[in-house]
Amino acid sequence: MELTTVWFLIVGVLLIGYFVLDGFDFGVGISLPFLGKDDTDRRVLINTIGPVWDLNETWLIVAGASLFAAFPEWYATMFSGFYLALLLILVALILRGVSFEYRHQGKGQKWTRWFDQFIFWGSVLPPVLWGVAFANLVQGVPIRTVETGGWIYEGTLLTLLNPYGLLGGICMLLLVFNHGLVFVSLKTVGEIRDRARALAKKVGIATIVVGAAFLVWTIIMHMGSDTILLIVVCAAIAAVALIAAWVANAAGREGWAFAGNAVAIAFALLAIFMALFPNLMHSSLGAAESMSIEGAASSQKTLELMTWVAAICLPLVLAYQAWTYWIFRKRLSREMIPAAAH
Amino acid sequence: MNEFLDPLVLARWQFGLTTLYHFIFVPLTIGLSLLVAILQTVWVRTGKVKYLKLTRLFGKIFLINFAMGIVTGIVQEFQFGMNWSNYSRFVGDIFGAPLAMEGLIAFFFEATFIGLWIFGWDKLPKKIHLMTIWFTWLGTTISAYFILAANAFMQNPQGFEINAEKGRAELVDIGAVLTNPIALGQFPHTIFAAVMFGGTVIVAVAAWHLKRNQYVDEMRTALRFGAWANILAFVGVGLTGHTLGMTMTQAQPMKMAAAEALYNNASGADASFSLFSLGTPDGAHEIFSVRIPYLLSFLSNGTFDGSVEGIRDLQSTYEQMYCSGADTLLTCPSDGQFAPVIWITYWSFRWMIGLGFLAALVSAVGLWITRKNTELPNWVWKVAIWTAPIPMLGSLIGWIFTEMGRQPWIVFGVMTTEQGVSPGVPGWAVLVSLVVFTLVYGALAVVEFKLIFKAAKEGLPEIEHLPGEGGEGTGEPDQQQLATVY
């Protein structure tokens, strides 16, 4: 396999890692106003992701840096092109991240309320915007090649807000919300667990419907492309996993439900990557203007070096992160939250 | 074009603002993680609860910082693509590699082990838990190395060649990138400065309590520990700073000339270091100055009779080199000026050195007057408290010097800053993001400092049960309270 293809897959793996892992902690953030009846509830919810949210977010940073190293053209064109969308994501991630650390440190309800709002909106905005961005990459955005080399994005923020893009955003939001609800029911005991499971049943239905619509639309859009078979297979696996997860949740098998949702997110993204292949960005101005994997990639030398680094590091990363999840495997309850705040 | 909406100017302001802000938290994270790890090690070795309490207190301050370091770090990485996309596509092949290596090797590691450290007090055996803070420190340190190697490429590009066909710089030798002499000099210099910063924060917190006669025994220990850390680190800062200065003179002679506002070549006694000088804003005409003969020669060459190149000579050399060839688009600044803004480099160089000296001096005096357990007047503690921001300011000003001194280059000798900016991003969009970041960062700074003051003033925590002894249950959900939660 070409190294460029290998790196297309590695970046894919990093992004899947990001959406599966940060996905459930976005979901927990979104669930805050729905599941948290009082402050102790909300603290239980936040503590389910306390030890892991920042290492989950690290996946985004590493995916971004890998994009920079492996596909500088992609990084440069997309990041400067989707400028305002990324600005919103950054502000959301900043406010959300500091809120986990700060909400319990101040005094008074007003303080805590503010940071709860930041956690909620900071968990809603990024998945929506990422969903919009990825859907647009697949659908095609107005990029064209420039004489001096490279590509340039010629649209605006509004260009991205089209029906397919927005559907992608809602789809991603529902996927992570559902994922987070199942995670809460997996990580807690008592009333909060029941509430999470009940809500996951409802949200799960919506996720299945919207997810199916998005995947079908994607398939129709790519009829006749070389990778259509792979797209259909990935989409089918995602759909089956999502439905299986719903059934498992309804049956009280939260571990299986969580795994099912993770598989669904992974394969939905894989379907998107297959729809992109062999491009990184489809151009809406004509196939000749699209950004190919080859055209955007770094030199062979850099890719070789980075392949070695990734091959050595990624298994290690997975091992020590898995260890973290193992250490913090116990379920949380209201009684475990110390009464007196810090 | 409307000058107010010039994307280049706005993007530069944004980069400066976000980088300096990020750089308040990063050094404190690096410095405090080491000092907290040492305190915790002493606790594990001696079993004295005093050290556990100090570990918890300074660990908390460290964590408040860590959150800020992470979230502001994401902005750092994204804005290369958002505001500097031409730069990113030109050097991504070589500049992206250390960034990605930082992520894969160091950052994952650091973020994982800090989670284990914060929440693992009751879940991990004592020694394993101690290991997690050392791993956190190791992660931050390796991380700093890769980032400094990336920065060093901008200061002194090594290990690359220009691929004319693709119109970009490409990696030839990663070894040369990672052993860039600027990186080798910058790394220990930065780490030692970070330890100074951590040390003075500990000194300040301890002094605040000693002034109020609280936790006298523990805080005396903390004060002297912080002061020692500060002084020892200062020795490291000074030695590495000297090495770095010489390397810098080799790699970027214009930066050294600008640091001294030296317009003409000078050698021997004429190569003097001016402690203070008054002149026209551009430094071209001097009115009054206090000078130490030979010192500039020593700082730049390590000998007293070496010569130092001046701004005027370098300017004409660079015009020849970078503006007279066929392909000068990337290398010739539009105004033809190769000197950075002199008054900024001149004063930042002095303030960086001066603040470092001042912090170490205060610590040395502090160690001397606290050597015996006697009553001390209030002003002693006040001075110690106010030392806290000094190394921080020194570090920030040091970065202003490093980055402003690099101008007009984004990559020295390869690409000018004005060529690196994103084409197609309108000025108003950059202005919006500059305003948003300024507001968000400003608000967070207020909250952040409030929280640090609050944590510092709360003082030492009560230790209800010793961590690492009991608590690890059978795997069933137990109802024991957690030691650390949000």
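Which helix of chain A does A:S80 lie in?

## A serine in helix α4

A:S80 sits in helix α4 (residues 72-81) of chain A; helices here are DSSP runs of H or I with at least four residues, strands are runs of E with at least two, and both are numbered from the N terminus. A:S80 is buried, with a relative accessible area of 12% (buried is under 20%, exposed over 50%, partly exposed in between, using a 1.4 Å probe and protein chains only).

Leaving aside residues up to four places away in sequence, A:S80 touches A:Y75, B:G81, B:M82, B:S85, B:S422 and B:V425. Contact means heavy atoms within 4.5 Å.

## About the model

This is a predicted model, where local features need pLDDT of at least 70 and side-chain atom pairs count only at pLDDT 80 or more, while totals for chains, interfaces and linings use all residues. Residues are numbered from 1 along each chain as its sequence is written, chains are lettered from A and ligands numbered from 1 in the order written, and side-chain values use heavy atoms, with hydrogens and water left out.

## A hairpin in chain B

Now for strands β1 (residues 160-163) and β2 of chain B: they pair in the antiparallel sense over 4 bridges (pairing takes at least two DSSP bridges between two strands). B:N163 stands opposite B:R168 in β2(B). The hairpin has 4 residues between its strands, and B:G167 takes a positive phi near 65° there.

In a regular strand, side chains alternate between the two faces of the sheet. Strand β2 (residues 168-171) has B:R168 and B:E170 pointing one way and B:A169 and B:L171 the other, and all are buried.
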